[in-house]
Amino acid sequence: MKTPKILVSACLLGCPVRYDGQSKPVHHTLLQRWQANGWLVPFCPEQAGGLPTPRLAAEIQSDGRVMTGCERDVTTAFVRGAEQALTLCQQQQIQYAILKESSPSCGSSNIYNGQFSGQKIPGEGITTRLLRQHHIQVFSEQNLDELFALLS
Ligand code: SF4
């Protein structure tokens, strides 16, 4: 079997790249095994898109733009990061991704509702959407078992 490569949100692997300068490490045996196998490719679309860390929290609005809480439009940086994620997948023939749920870049089932109220709605992040448009299968840290079943 050809060795699978999996794009992973860098924050899930303990890299302090989140908007608040923190990480969101996931201590799951599957992720640890895949990392030991050398299958994981860490990536942060928002950093790759040129945003600093720490940075202002941003949410996707109903019109599709990505705005910070003080109404700065950061859509261009989010799109740039998504395009870089896609380029990396294409260069390394990556067909799978594990991306951080609820993030405006990486969410795959839900995102925050754009009101900075802490409420989530069904939806996907900018990077997730672009990867899926190019037939890359995106999972979150909450459904690693589904990816395991696919790879088995
Ligand atoms: S953009 Fe994705 S990888 Fe970067 S901090 Fe946010 S959730 Fe993590």
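How many positive and how many negative side chains does the chain have, and how far apart do the centres of the two sets lie? There are 13 positive and 12 negative side chains, with the centres of the two sets 6 Å apart; here Lys and Arg count as positive and Asp and Glu as negative, while His and the chain ends are not counted, and each charge is placed at NZ of Lys, CZ of Arg, CG of Asp or CD of Glu.

Before going further, note that this is a predicted model, in which local features need pLDDT of at least 70 and side-chain atom pairs count only at pLDDT 80 or more, although totals for chains, interfaces and linings use all residues. Residues are numbered from 1 along each chain as its sequence is written, and side-chain values use heavy atoms, with hydrogens and water left out.

**The whole chain**

Start with a cartoon view, where you can find five helices and eight strands; these are DSSP runs numbered from the N terminus, with helices (H or I) of at least four residues and strands (E) of at least two. Followed along the sequence, the pattern is β-α-β-α-β-β-α-β-β-β-α-β-α. The radius of gyration of the chain is 15 Å, close to the 15 Å that the globule rule gives for 152 residues, so the chain is as compact as a globular protein of that length; the radius is taken over C-alpha atoms, and the rule is 2.2 Å times the number of residues to the power 0.38. Along its principal axes the C-alpha trace spans about 50 × 30 × 25 Å.

Of the 152 residues, 46% count as buried, where buried means under 20% relative accessible area, exposed means over 50%, and partly exposed lies in between (1.4 Å probe, protein chains only).

**The cysteines**

A disulfide is a covalent bond between the sulfur atoms of two cysteines, and it is counted here when a pair of cysteine sulfur atoms lies within 2.5 Å. The structure holds zero disulfides; Cys15 is in none, and the nearest cysteine sulfur, that of Cys11, is 8.4 Å away. Cys11 is buried, at a relative accessible area of 9%, whereas Cys15 is partly exposed, at 29%.

**Some backbone features**

Most residues other than glycine have a negative phi, and most peptide bonds are trans. With this in mind, go to the loop between helix H2 (45-48) and strand S3 (58-60), where you will find Pro54; the peptide bond from Thr53 to Pro54 is cis, with omega near 0°. Then move to the loop between strand S4 (66-68) and helix H3 (75-91) and select Glu71, which has a positive phi of about 65° although it is not a glycine, and which counts as exposed at 66% relative accessibility.

**The loop between S5 and S6**

Another is Ser108, between strand S5 (96-99) and strand S6 (110-112), which is buried at 8%. Leaving aside neighbours within four places in sequence, Ser108 is in contact (heavy atoms within 4.5 Å) with residues including Glu101, Gly123, Thr128 and Phe139.

Select helix H4 (residues 126-133), whose buried residues are Ile126, Thr127, Thr128, Leu130 and Leu131. Ile126 counts as buried at 6% relative accessibility, and, not counting residues up to four places away in sequence, Ile126 touches Ile60, Val66, Phe78, Val79, Ala82, Pro104 and Ser105. Ile126 and Lys100 are 26 residues apart along the chain, and their C-alpha atoms are separated by 12 Å. After H4 comes His135, with a positive phi near 65°.

The last stop is Leu147, in helix H5 (residues 144-151), which is buried with a relative accessible area of 0%. Leaving aside neighbours within four places in sequence, show its contacts, which are Ile6, Trp34, Tyr96, Ile98 and Phe139. Leu147 and Ile121 are 26 residues apart in sequence, and their C-alpha atoms are 23 Å apart in space. Finally, return to the whole chain: among contacts between residues at least 6 apart in sequence, 64% join residues at least 24 apart.
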